[in-house]
Amino acid sequence: MTTARSTATDSAMPGQVTVPPFAVISGAQVQQALQGREPEIVDLVEATYRVHGAGDSVNPPSYFLRFPDRPTSRIIALPASIGGEVRVDGLKWISSFPQNVAAGIPRASAVLILNDHDTGYPFACLESSIISATRTAASAALAADWLSRGRRRPTHVGFIGVGLIARYIHTFLAGTGWSFDEVGVHDLSYQSAAGFRGYLEQSDIAGRITVHDSAEELVRTSDLVVFATVAGEPHVTDPSWFQHHPLVLHVSLRDLAPEILLASTNLVDDVDHCLKANTSPHLAEQLTGNRDFLLGTLDDVMTGRRTVPADTTVVFSPFGLGVLDLAVGKYVYDEVSRSGELHVIDDFFHERRRYG
Ligand SMILES: NC(=O)c1ccc[n+]([C@@H]2O[C@H](COP(=O)([O-])OP(=O)(O)OC[C@H]3O[C@@H](n4cnc5c(N)ncnc54)[C@H](O)[C@@H]3O)[C@@H](O)[C@H]2O)c1
(Lines give C-alpha, C1' and ligand atoms only; values in the text may rest on other atoms or scores of the structure.)
Protein backbone atom coordinates (compact mmCIF):
# COMPACT_ATOMS: atom_id res chain seq x y z
CA MET A 1 0.00 0.00 0.00
CA THR A 2 1.24 3.49 -0.76
CA THR A 3 0.00 6.90 0.32
CA ALA A 4 -0.63 9.10 -2.67
CA ARG A 5 -2.06 12.38 -3.81
CA SER A 6 -2.96 11.00 -7.27
CA THR A 7 -6.67 10.54 -7.94
CA ALA A 8 -8.84 8.61 -10.33
CA THR A 9 -9.36 11.71 -12.37
CA ASP A 10 -5.89 13.23 -12.46
CA SER A 11 -3.87 10.06 -13.09
CA ALA A 12 -4.36 10.10 -16.85
CA MET A 13 -3.08 12.59 -19.42
CA PRO A 14 -5.92 14.47 -21.13
CA GLY A 15 -7.57 12.19 -23.68
CA GLN A 16 -5.69 9.13 -22.42
CA VAL A 17 -7.70 6.28 -20.89
CA THR A 18 -5.87 4.38 -18.14
CA VAL A 19 -6.68 2.10 -15.24
CA PRO A 20 -7.10 4.36 -12.19
CA PRO A 21 -5.35 3.55 -8.91
CA PHE A 22 -7.53 1.83 -6.30
CA ALA A 23 -7.75 3.41 -2.85
CA VAL A 24 -9.21 2.32 0.50
CA ILE A 25 -10.55 5.04 2.81
CA SER A 26 -11.08 4.19 6.48
CA GLY A 27 -13.88 5.36 8.77
CA ALA A 28 -11.38 7.55 10.62
CA GLN A 29 -10.46 9.31 7.37
CA VAL A 30 -14.15 9.65 6.40
CA GLN A 31 -14.97 11.20 9.75
CA GLN A 32 -12.06 13.61 9.54
CA ALA A 33 -13.14 14.73 6.07
CA LEU A 34 -16.75 15.36 7.12
CA GLN A 35 -16.58 16.57 10.72
CA GLY A 36 -17.59 20.19 11.28
CA ARG A 37 -18.60 20.67 7.63
CA GLU A 38 -22.37 20.48 8.18
CA PRO A 39 -23.38 23.56 6.12
CA GLU A 40 -21.17 22.48 3.20
CA ILE A 41 -22.57 18.93 3.24
CA VAL A 42 -26.17 20.19 3.39
CA ASP A 43 -25.42 22.38 0.34
CA LEU A 44 -23.94 19.34 -1.43
CA VAL A 45 -27.05 17.26 -0.63
CA GLU A 46 -29.28 20.09 -1.87
CA ALA A 47 -27.30 20.31 -5.12
CA THR A 48 -27.54 16.51 -5.52
CA TYR A 49 -31.33 16.53 -5.06
CA ARG A 50 -31.49 19.25 -7.72
CA VAL A 51 -29.34 17.23 -10.15
CA HIS A 52 -31.50 14.16 -9.47
CA GLY A 53 -34.69 16.21 -9.86
CA ALA A 54 -33.42 17.53 -13.20
CA GLY A 55 -32.94 13.93 -14.40
CA ASP A 56 -29.12 13.94 -14.56
CA SER A 57 -28.81 10.74 -12.51
CA VAL A 58 -29.56 7.05 -12.57
CA ASN A 59 -30.93 5.68 -9.32
CA PRO A 60 -32.52 2.24 -9.80
CA PRO A 61 -34.52 0.56 -7.01
CA SER A 62 -32.49 -0.61 -4.03
CA TYR A 63 -32.09 -4.38 -3.79
CA PHE A 64 -33.00 -5.87 -0.40
CA LEU A 65 -31.16 -9.10 0.46
CA ARG A 66 -33.12 -10.83 3.23
CA PHE A 67 -32.50 -14.11 5.07
CA PRO A 68 -35.11 -16.71 6.11
CA ASP A 69 -32.95 -17.68 9.11
CA ARG A 70 -32.40 -14.00 10.21
CA PRO A 71 -35.71 -12.27 9.45
CA THR A 72 -34.91 -8.96 11.18
CA SER A 73 -31.66 -8.50 9.28
CA ARG A 74 -31.00 -7.32 5.72
CA ILE A 75 -28.29 -6.07 3.41
CA ILE A 76 -29.28 -3.41 0.87
CA ALA A 77 -27.51 -2.65 -2.41
CA LEU A 78 -27.93 0.90 -3.72
CA PRO A 79 -26.37 1.28 -7.18
CA ALA A 80 -26.42 4.78 -8.63
CA SER A 81 -24.89 7.22 -11.07
CA ILE A 82 -24.77 10.98 -10.62
CA GLY A 83 -23.97 13.60 -13.24
CA GLY A 84 -23.54 17.32 -12.63
CA GLU A 85 -20.20 18.36 -11.18
CA VAL A 86 -19.78 15.10 -9.21
CA ARG A 87 -19.97 12.73 -12.22
CA VAL A 88 -19.37 9.35 -10.62
CA ASP A 89 -21.00 5.91 -10.56
CA GLY A 90 -21.01 3.44 -7.70
CA LEU A 91 -22.70 1.20 -5.17
CA LYS A 92 -23.48 1.39 -1.47
CA TRP A 93 -23.73 -2.03 0.22
CA ILE A 94 -25.21 -1.54 3.68
CA SER A 95 -26.14 -4.14 6.31
CA SER A 96 -28.71 -3.71 9.03
CA PHE A 97 -28.48 -6.26 11.86
CA PRO A 98 -30.59 -4.74 14.68
CA GLN A 99 -29.48 -7.36 17.23
CA ASN A 100 -25.92 -5.98 16.98
CA VAL A 101 -26.96 -3.13 19.28
CA ALA A 102 -27.54 -5.49 22.24
CA ALA A 103 -24.06 -6.92 21.61
CA GLY A 104 -22.59 -3.43 21.85
CA ILE A 105 -21.77 -2.85 18.17
CA PRO A 106 -23.60 -0.60 15.68
CA ARG A 107 -26.65 -1.90 13.85
CA ALA A 108 -25.51 -0.75 10.42
CA SER A 109 -22.22 -1.35 8.62
CA ALA A 110 -21.43 -0.38 5.05
CA VAL A 111 -18.97 0.12 2.24
CA LEU A 112 -19.26 2.45 -0.74
CA ILE A 113 -17.59 1.65 -4.05
CA LEU A 114 -16.89 4.56 -6.41
CA ASN A 115 -16.56 3.76 -10.13
CA ASP A 116 -14.72 5.93 -12.63
CA HIS A 117 -17.07 7.67 -15.06
CA ASP A 118 -14.93 7.00 -18.17
CA THR A 119 -13.57 3.46 -17.65
CA GLY A 120 -16.08 1.98 -15.19
CA TYR A 121 -13.17 0.92 -12.99
CA PRO A 122 -13.81 0.96 -9.25
CA PHE A 123 -11.28 3.45 -7.89
CA ALA A 124 -12.18 3.60 -4.19
CA CYS A 125 -13.73 1.61 -1.38
CA LEU A 126 -14.85 3.79 1.53
CA GLU A 127 -16.15 2.93 4.98
CA SER A 128 -19.71 4.08 4.53
CA SER A 129 -21.76 3.88 7.73
CA ILE A 130 -20.56 7.43 8.50
CA ILE A 131 -21.24 8.59 4.93
CA SER A 132 -24.72 7.06 5.10
CA ALA A 133 -25.53 8.65 8.47
CA THR A 134 -24.12 11.96 7.25
CA ARG A 135 -26.14 12.14 4.04
CA THR A 136 -29.28 11.05 5.93
CA ALA A 137 -28.79 13.74 8.57
CA ALA A 138 -27.91 16.38 5.97
CA SER A 139 -31.08 15.53 4.05
CA ALA A 140 -33.13 15.81 7.27
CA ALA A 141 -31.60 19.20 8.11
CA LEU A 142 -32.22 20.39 4.54
CA ALA A 143 -35.86 19.28 4.75
CA ALA A 144 -36.30 20.93 8.17
CA ASP A 145 -35.08 24.19 6.68
CA TRP A 146 -37.14 24.16 3.46
CA LEU A 147 -40.33 22.73 4.93
CA SER A 148 -40.43 25.16 7.86
CA ARG A 149 -40.27 28.22 5.59
CA GLY A 150 -43.60 30.02 5.64
CA ARG A 151 -44.53 28.66 9.10
CA ARG A 152 -43.30 29.41 12.62
CA ARG A 153 -39.79 28.03 12.94
CA PRO A 154 -39.87 25.04 15.34
CA THR A 155 -38.45 25.57 18.84
CA HIS A 156 -39.40 22.22 20.44
CA VAL A 157 -37.75 19.23 18.77
CA GLY A 158 -38.62 15.67 19.75
CA PHE A 159 -36.68 12.53 18.80
CA ILE A 160 -38.43 9.15 18.75
CA GLY A 161 -35.80 6.39 18.46
CA VAL A 162 -32.42 7.74 19.51
CA GLY A 163 -29.58 5.70 18.04
CA LEU A 164 -26.79 6.80 15.71
CA ILE A 165 -29.05 8.40 13.10
CA ALA A 166 -30.84 10.57 15.68
CA ARG A 167 -27.45 11.74 16.99
CA TYR A 168 -26.28 12.67 13.48
CA ILE A 169 -29.57 14.50 12.75
CA HIS A 170 -29.24 16.53 15.94
CA THR A 171 -25.62 17.33 15.07
CA PHE A 172 -26.65 18.49 11.59
CA LEU A 173 -29.55 20.61 12.88
CA ALA A 174 -27.23 22.24 15.40
CA GLY A 175 -24.44 22.61 12.83
CA THR A 176 -26.76 24.44 10.43
CA GLY A 177 -27.98 27.04 12.86
CA TRP A 178 -30.93 25.44 14.66
CA SER A 179 -31.33 25.93 18.39
CA PHE A 180 -34.17 24.64 20.50
CA ASP A 181 -35.82 25.67 23.76
CA GLU A 182 -36.72 22.05 24.41
CA VAL A 183 -35.36 18.70 23.20
CA GLY A 184 -37.68 15.75 23.81
CA VAL A 185 -36.40 12.17 23.81
CA HIS A 186 -38.34 8.93 23.61
CA ASP A 187 -36.99 5.43 23.05
CA LEU A 188 -38.24 1.96 23.98
CA SER A 189 -34.78 1.27 25.35
CA TYR A 190 -33.82 2.98 28.60
CA GLN A 191 -30.11 2.66 27.66
CA SER A 192 -30.63 4.40 24.32
CA ALA A 193 -32.58 7.26 25.93
CA ALA A 194 -29.89 7.65 28.61
CA GLY A 195 -27.07 7.51 26.02
CA PHE A 196 -28.71 10.16 23.83
CA ARG A 197 -29.40 12.34 26.83
CA GLY A 198 -25.72 12.09 27.74
CA TYR A 199 -24.76 13.15 24.21
CA LEU A 200 -27.18 16.11 24.37
CA GLU A 201 -25.82 17.23 27.75
CA GLN A 202 -22.29 17.31 26.33
CA SER A 203 -23.30 19.30 23.27
CA ASP A 204 -23.47 22.96 24.20
CA ILE A 205 -26.47 23.70 21.97
CA ALA A 206 -29.13 21.57 23.65
CA GLY A 207 -32.06 23.38 25.31
CA ARG A 208 -34.00 21.85 28.18
CA ILE A 209 -33.94 18.06 27.82
CA THR A 210 -37.00 15.94 28.66
CA VAL A 211 -37.11 12.16 28.41
CA HIS A 212 -40.70 11.11 27.71
CA ASP A 213 -42.09 7.73 28.70
CA SER A 214 -44.67 7.90 25.95
CA ALA A 215 -44.43 8.74 22.27
CA GLU A 216 -47.77 10.56 22.56
CA GLU A 217 -46.45 13.03 25.13
CA LEU A 218 -43.39 13.71 22.98
CA VAL A 219 -45.38 14.27 19.77
CA ARG A 220 -47.92 16.54 21.47
CA THR A 221 -45.17 18.76 22.94
CA SER A 222 -42.94 19.02 19.83
CA ASP A 223 -43.28 21.18 16.73
CA LEU A 224 -40.45 19.30 15.01
CA VAL A 225 -40.67 15.50 15.41
CA VAL A 226 -37.90 13.16 14.22
CA PHE A 227 -38.59 9.44 13.85
CA ALA A 228 -35.40 7.33 13.75
CA THR A 229 -36.54 3.99 15.15
CA VAL A 230 -36.13 0.52 13.71
CA ALA A 231 -39.90 -0.17 13.76
CA GLY A 232 -40.99 -2.53 10.99
CA GLU A 233 -44.65 -1.48 11.11
CA PRO A 234 -46.67 1.50 12.31
CA HIS A 235 -46.77 2.02 16.07
CA VAL A 236 -48.17 5.57 15.97
CA THR A 237 -51.77 5.39 14.85
CA ASP A 238 -53.78 8.26 16.38
CA PRO A 239 -54.04 11.34 14.10
CA SER A 240 -55.19 13.48 17.05
CA TRP A 241 -51.61 13.51 18.44
CA PHE A 242 -50.75 15.76 15.46
CA GLN A 243 -53.56 18.33 15.96
CA HIS A 244 -50.97 21.08 16.54
CA HIS A 245 -49.54 20.46 13.00
CA PRO A 246 -45.87 19.70 13.65
CA LEU A 247 -43.20 19.23 11.00
CA VAL A 248 -42.31 15.51 11.02
CA LEU A 249 -39.04 14.06 9.70
CA HIS A 250 -40.09 10.45 9.20
CA VAL A 251 -36.59 9.10 8.58
CA SER A 252 -37.32 5.54 9.68
CA LEU A 253 -40.26 5.41 7.23
CA ARG A 254 -42.52 2.80 8.89
CA ASP A 255 -43.62 4.41 12.18
CA LEU A 256 -46.81 6.19 11.09
CA ALA A 257 -50.17 4.59 10.31
CA PRO A 258 -51.47 5.56 6.86
CA GLU A 259 -54.36 7.47 8.48
CA ILE A 260 -51.82 9.96 9.86
CA LEU A 261 -50.29 10.51 6.43
CA LEU A 262 -53.74 10.93 4.90
CA ALA A 263 -54.38 13.80 7.34
CA SER A 264 -51.03 15.46 6.53
CA THR A 265 -49.07 17.16 3.74
CA ASN A 266 -46.62 14.52 2.48
CA LEU A 267 -43.23 15.03 0.87
CA VAL A 268 -40.75 12.36 -0.16
CA ASP A 269 -37.28 12.39 -1.73
CA ASP A 270 -38.29 10.25 -4.73
CA VAL A 271 -41.85 9.04 -5.31
CA ASP A 272 -41.12 5.69 -6.96
CA HIS A 273 -38.46 4.80 -4.41
CA CYS A 274 -40.46 5.71 -1.36
CA LEU A 275 -43.68 3.94 -2.30
CA LYS A 276 -42.12 0.51 -1.80
CA ALA A 277 -41.10 -1.99 0.86
CA ASN A 278 -44.11 -1.32 3.13
CA THR A 279 -43.05 2.18 4.10
CA SER A 280 -45.90 4.23 5.58
CA PRO A 281 -46.39 6.08 2.25
CA HIS A 282 -46.54 2.68 0.54
CA LEU A 283 -49.23 1.58 3.04
CA ALA A 284 -51.14 4.81 2.35
CA GLU A 285 -51.01 4.07 -1.38
CA GLN A 286 -52.25 0.52 -0.76
CA LEU A 287 -55.09 1.83 1.42
CA THR A 288 -56.30 4.50 -1.01
CA GLY A 289 -55.32 2.94 -4.32
CA ASN A 290 -53.68 6.19 -5.45
CA ARG A 291 -50.88 8.66 -4.76
CA ASP A 292 -53.07 11.72 -4.27
CA PHE A 293 -51.93 12.04 -0.64
CA LEU A 294 -48.44 13.09 -1.85
CA LEU A 295 -47.73 16.77 -2.42
CA GLY A 296 -44.47 15.89 -4.20
CA THR A 297 -40.74 15.74 -3.56
CA LEU A 298 -38.46 17.98 -1.55
CA ASP A 299 -36.98 19.06 -4.90
CA ASP A 300 -40.47 20.13 -6.03
CA VAL A 301 -40.57 22.45 -3.00
CA MET A 302 -37.01 23.72 -3.53
CA THR A 303 -37.70 24.56 -7.18
CA GLY A 304 -41.05 26.20 -6.36
CA ARG A 305 -43.15 23.64 -8.26
CA ARG A 306 -44.99 22.89 -5.01
CA THR A 307 -45.87 25.09 -2.04
CA VAL A 308 -46.28 23.65 1.44
CA PRO A 309 -49.47 24.87 3.14
CA ALA A 310 -48.76 26.57 6.48
CA ASP A 311 -51.57 25.13 8.60
CA THR A 312 -51.09 21.37 8.17
CA THR A 313 -48.95 18.62 9.63
CA VAL A 314 -46.05 18.16 7.21
CA VAL A 315 -44.43 14.72 6.95
CA PHE A 316 -41.15 14.22 5.07
CA SER A 317 -40.43 10.53 4.35
CA PRO A 318 -37.00 10.18 2.67
CA PHE A 319 -36.29 6.73 1.28
CA GLY A 320 -32.57 7.53 1.07
CA LEU A 321 -31.06 7.82 -2.38
CA GLY A 322 -27.84 6.18 -3.55
CA VAL A 323 -26.96 9.39 -5.41
CA LEU A 324 -26.54 11.13 -2.03
CA ASP A 325 -24.05 8.48 -0.90
CA LEU A 326 -22.12 8.94 -4.13
CA ALA A 327 -22.00 12.72 -3.79
CA VAL A 328 -20.84 12.61 -0.14
CA GLY A 329 -18.46 9.71 -0.88
CA LYS A 330 -16.83 11.59 -3.77
CA TYR A 331 -16.52 14.67 -1.54
CA VAL A 332 -14.67 12.53 1.03
CA TYR A 333 -12.47 11.00 -1.68
CA ASP A 334 -11.50 14.42 -3.01
CA GLU A 335 -10.76 15.73 0.50
CA VAL A 336 -8.58 12.74 1.44
CA SER A 337 -6.85 12.91 -1.92
CA ARG A 338 -6.17 16.64 -1.51
CA SER A 339 -4.64 16.01 1.91
CA GLY A 340 -2.15 13.53 0.38
CA GLU A 341 -3.43 10.72 2.63
CA LEU A 342 -5.03 8.49 -0.01
CA HIS A 343 -4.09 4.85 0.72
CA VAL A 344 -3.63 3.31 -2.71
CA ILE A 345 -3.49 -0.47 -2.98
CA ASP A 346 -0.60 -1.16 -5.35
CA ASP A 347 -1.34 -3.54 -8.26
CA PHE A 348 -4.97 -3.99 -7.22
CA PHE A 349 -5.93 -4.35 -10.89
CA HIS A 350 -3.25 -6.67 -12.11
CA GLU A 351 -4.18 -8.55 -15.30
CA ARG A 352 -4.11 -5.53 -17.61
CA ARG A 353 -2.81 -6.87 -20.94
CA ARG A 354 -5.35 -8.74 -23.01
CA TYR A 355 -3.03 -11.53 -24.13
CA GLY A 356 -0.54 -11.44 -21.28
N1 LIG B 1 -34.39 7.10 5.24
C2 LIG B 1 -33.07 7.04 5.20
O3 LIG B 1 -32.42 7.57 4.30
C4 LIG B 1 -32.34 6.32 6.28
C5 LIG B 1 -30.95 6.26 6.25
C6 LIG B 1 -30.27 5.64 7.31
C7 LIG B 1 -31.00 5.05 8.34
N8 LIG B 1 -32.36 5.08 8.29
C9 LIG B 1 -33.17 4.46 9.32
O10 LIG B 1 -32.99 5.15 10.55
C11 LIG B 1 -33.37 4.26 11.60
C12 LIG B 1 -32.46 4.44 12.79
O13 LIG B 1 -31.17 3.98 12.49
P14 LIG B 1 -30.04 3.89 13.65
O15 LIG B 1 -28.77 3.49 12.99
O16 LIG B 1 -30.06 5.12 14.47
O17 LIG B 1 -30.61 2.66 14.50
P18 LIG B 1 -30.25 2.24 15.99
O19 LIG B 1 -30.52 0.79 16.10
O20 LIG B 1 -28.90 2.77 16.36
O21 LIG B 1 -31.32 3.04 16.88
C22 LIG B 1 -32.70 2.83 16.76
C23 LIG B 1 -33.35 3.14 18.08
O24 LIG B 1 -34.77 3.08 17.93
C25 LIG B 1 -35.32 2.51 19.11
N26 LIG B 1 -36.66 2.03 18.81
C27 LIG B 1 -37.02 0.94 18.09
N28 LIG B 1 -38.37 0.85 17.99
C29 LIG B 1 -38.87 1.93 18.66
C30 LIG B 1 -40.18 2.42 18.88
N31 LIG B 1 -41.25 1.79 18.42
N32 LIG B 1 -40.31 3.55 19.59
C33 LIG B 1 -39.23 4.22 20.08
N34 LIG B 1 -37.96 3.81 19.89
C35 LIG B 1 -37.78 2.68 19.18
C36 LIG B 1 -34.34 1.46 19.51
O37 LIG B 1 -34.46 1.11 20.87
C38 LIG B 1 -32.99 2.15 19.19
O39 LIG B 1 -32.49 2.86 20.30
C40 LIG B 1 -33.40 2.86 10.98
O41 LIG B 1 -34.74 2.47 10.78
C42 LIG B 1 -32.74 3.04 9.64
O43 LIG B 1 -33.20 2.13 8.67
C44 LIG B 1 -33.04 5.73 7.30
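Trainee: What should I know about the model before reading its values?
Mentor: The model is predicted: local features need pLDDT of at least 70, side-chain atom pairs count only at pLDDT 80 or more, and totals for chains, interfaces and linings use all residues. Residues are numbered from 1 along each chain as its sequence is written, and side-chain values use heavy atoms, with hydrogens and water left out.

Trainee: What makes a stretch a helix or a strand?
Mentor: Both are DSSP runs, numbered from the N terminus: helices are H or I with at least four residues, strands are E with at least two. The protein chain has eleven helices and 17 strands.

Trainee: How do you know whether the radius of gyration agrees with a compact globule?
Mentor: Take the radius over C-alpha atoms; the globule rule is 2.2 Å times the number of residues to the power 0.38. For 356 residues, the rule gives a value near 21 Å. The protein chain has 21 Å, so the two agree.

Trainee: Why is Ser128 called buried?
Mentor: Buried means under 20% relative accessible area, exposed means over 50%, and partly exposed is in between (1.4 Å probe, protein chains only). Ser128 has 0% relative accessibility, so Ser128 counts as buried. Its place is the loop between strand 8 (122-127) and helix 3.

Trainee: Why does His170 count as buried?
Mentor: His170 has 2% relative accessibility, so the label is buried again. His170 lies in helix 4 (residues 164-175). Across the protein chain, buried residues make up 53% of the 356 residues.

Trainee: What makes a group of residues a nonpolar core?
Mentor: A nonpolar core is a set of buried Ala, Val, Leu, Ile, Met, Phe, Trp, Tyr and Cys residues joined through side-chain atoms within 4.5 Å. The largest has 73 residues, and Leu147 and Phe159 have the most contacts inside it. Helix 3 (residues 129-147) gives the most to this core, with twelve residues. A second, separate core has 22 residues, among them Trp241 and Phe319.

Trainee: Why do nonpolar side chains gather?
Mentor: In soluble globular proteins, they tend to be buried together.
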